[in-house]
Amino acid sequence: MDRVLRNSSTLTRTMTIHSLYIYDRHCICIYYQDWHRTRRPKPAVEGGILPAVSQAVAPPSTLATTSGQASGFTSPRDTLSSGSGIVVAVNDMSAQSPMTPLLQTPAPPIALSSTGLAFDEEAKLVYGVILSLRNMIKKLSGRDEQFVNYRTSAYKLHLYETPSGYKFVMLSDPNTDSLRFVLRQIYVGPFLEYVVRNPLVKMDSREHGIDNEYFRASIDRLVRGLSVFP
């Protein structure tokens, strides 16, 4: 019994969730969030990503214009401003203010080493990998076979695709078991509540991402509440 507990504890410590991307049916990245990245992407170039995807990877000019904006929400569904209290997840929970994160002004991104890629290029590469592998699997195994994840020596990619064509992509360490259940929880929980049922969000607008303070905070709580999260 002690051996089982020790093995379980070891697995829990080694499973790490790195980042989350959400793509719409037009192949556009509409949301991004990360937790344990040691190499952060460079901010996107001007016009490279939609507004309200994530302040952590927004172009510098966008950050300059939105960092001083205050939150203007009146209800959990009345939040579509990219500058309204974004929660940037960090490793040390004790460093967060005791105040509710929904009311805090977003902090500047943590200074980490860069991948050398702008975020818009990174998002395109991630989607390109998904599209290529999915097409290859369909050609080799037939249309009934689904692409759900793949593993490299450095990371594991997990995919959950909704019936309406939205793609939820999560990157983790290579030893993590399938996280499709987590992506589905994000879809049926925060996504349906704060995006699909939000009358202020224009689905498929091709003009804005879906980042708002309640959606981001809800995902952060869900991920941090997992037993596999360090």
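User: How do the strands of a sheet pair, and what is the strand order of the open sheet here?

Analyst: Strands in a sheet pair through backbone hydrogen bonds, in either a parallel or an antiparallel sense. The model shown here is predicted, and it has an open sheet of five strands in the order β2-β1-β7-β6-β5, with antiparallel pairing.

User: Which strands stand at the edges of that sheet?

Analyst: β2 and β5 (149-151) do. Each has a single partner strand, so one side of each is left without a neighbour in the sheet. On average, neighbouring strands are turned by 10° against each other, direction ignored.

User: How many bridges join β6 to β7, and how many join β1 to β7?

Analyst: Six bridges join β6 (residues 156-161) to β7 (residues 167-172), and these two strands run antiparallel. One example is K156, whose bridge partner in β7 is S172. β1 and β7 also pair in the antiparallel sense, over six bridges. Here Y21 has V169 of β7 as its bridge partner.

User: What lies between β6 and β7?

Analyst: The two strands form a hairpin with five residues between them. In the turn, G165 has a positive phi of about 100°.

User: Are the residues of β7 buried or exposed?

Analyst: A residue counts as buried when its relative accessible area is under 20%. Six of the six residues of β7 are buried, so the strand is largely enclosed by the rest of the structure. K167, V169 and L171 point one way from β7, while F168, M170 and S172 point the other way. Both sets are buried.

User: Which helices should I look at next to the sheet, and where do they lie?

Analyst: Start with α4, which packs on the sheet and touches β1 (17-23), β6 and β7. The direction of α4 makes about 135° with that of β7. Then find α5 (residues 213-224), which lies across β1, β2 and β7 and runs at about 45° to β2.

User: How do α4 and α5 pack, and why are they called roughly antiparallel?

Analyst: Their axes are 10 Å apart, and the helices pack at an angle of about 155°. Angles over 145 degrees count as roughly antiparallel, so α4 is roughly antiparallel to α5. α4 passes α5 in a right-handed crossing.

User: Which residues of α4 and α5 meet?

Analyst: On the α4 side the residues include V182, I186, F191 and V195. On the α5 side they include Y214, F215, I219 and L222.

User: Where is L192, and what does L192 touch?

Analyst: L192 lies in helix α4 (residues 180-196). Not counting residues up to four places away in sequence, L192 touches Y187 and R197. L192 and F215 are 23 residues apart in sequence, with their C-alpha atoms 9.8 Å apart in space.

User: How many aromatic pairs does the structure have, and what does one of them look like?

Analyst: A search of the whole structure finds 15 aromatic pairs. One of them is Y32 with F119, a tilted pair at 4.8 Å centre to centre, with 55° between the planes. This pair links distant parts of the chain: Y32 is in strand β2 (residues 29-34), F119 is in helix α3 (residues 119-141), and they are 87 residues apart. Y32 is buried, with a relative accessible area of 1%, and F119 is also buried, at 0% relative accessibility.

User: Which residues form the aromatic cluster?

Analyst: Y31, Y160, Y166, F168, Y187, F191 and F215 form one cluster. F191 and F215 are also among the residues that meet where α4 and α5 pack.

User: Where do A52 and R206 lie, and is each buried or exposed?

Analyst: A52 lies in the loop between β3 (39-42) and α2 (60-66). With a relative accessible area of 8%, A52 is buried. R206 lies in the loop between α4 and α5. Exposed means over 50% relative accessible area, so R206 counts as exposed at 52%.

Notes:
Residues are numbered from 1 along each chain as its sequence is written. This is a predicted model: local features need pLDDT of at least 70, side-chain atom pairs count only at pLDDT 80 or more; totals for chains, interfaces and linings use all residues. Side-chain values use heavy atoms; hydrogens and water are left out. Helices (H or I, at least four residues) and strands (E, at least two) are DSSP runs, numbered from the N terminus. Contact means heavy atoms within 4.5 Å. Rings of Phe, Tyr and Trp (its six-membered ring) pair if their centres lie within 6.5 Å; planes under 30 degrees apart count as stacked, over 60 as edge-to-face and the rest as tilted. Buried means under 20% relative accessible area, exposed over 50%, partly exposed in between (1.4 Å probe, protein chains only). Two strands pair if DSSP finds at least two bridges between them. Axes are lines fitted to C-alpha atoms, for helices over the stretch in contact, and angles run from 0 to 180 degrees between N-to-C directions. Angles under 35 degrees count as roughly parallel, over 145 as roughly antiparallel, 65 to 115 as roughly perpendicular and the rest as oblique. A crossing is left-handed if the near helix is turned anticlockwise from the far one by less than a right angle, and right-handed if clockwise.
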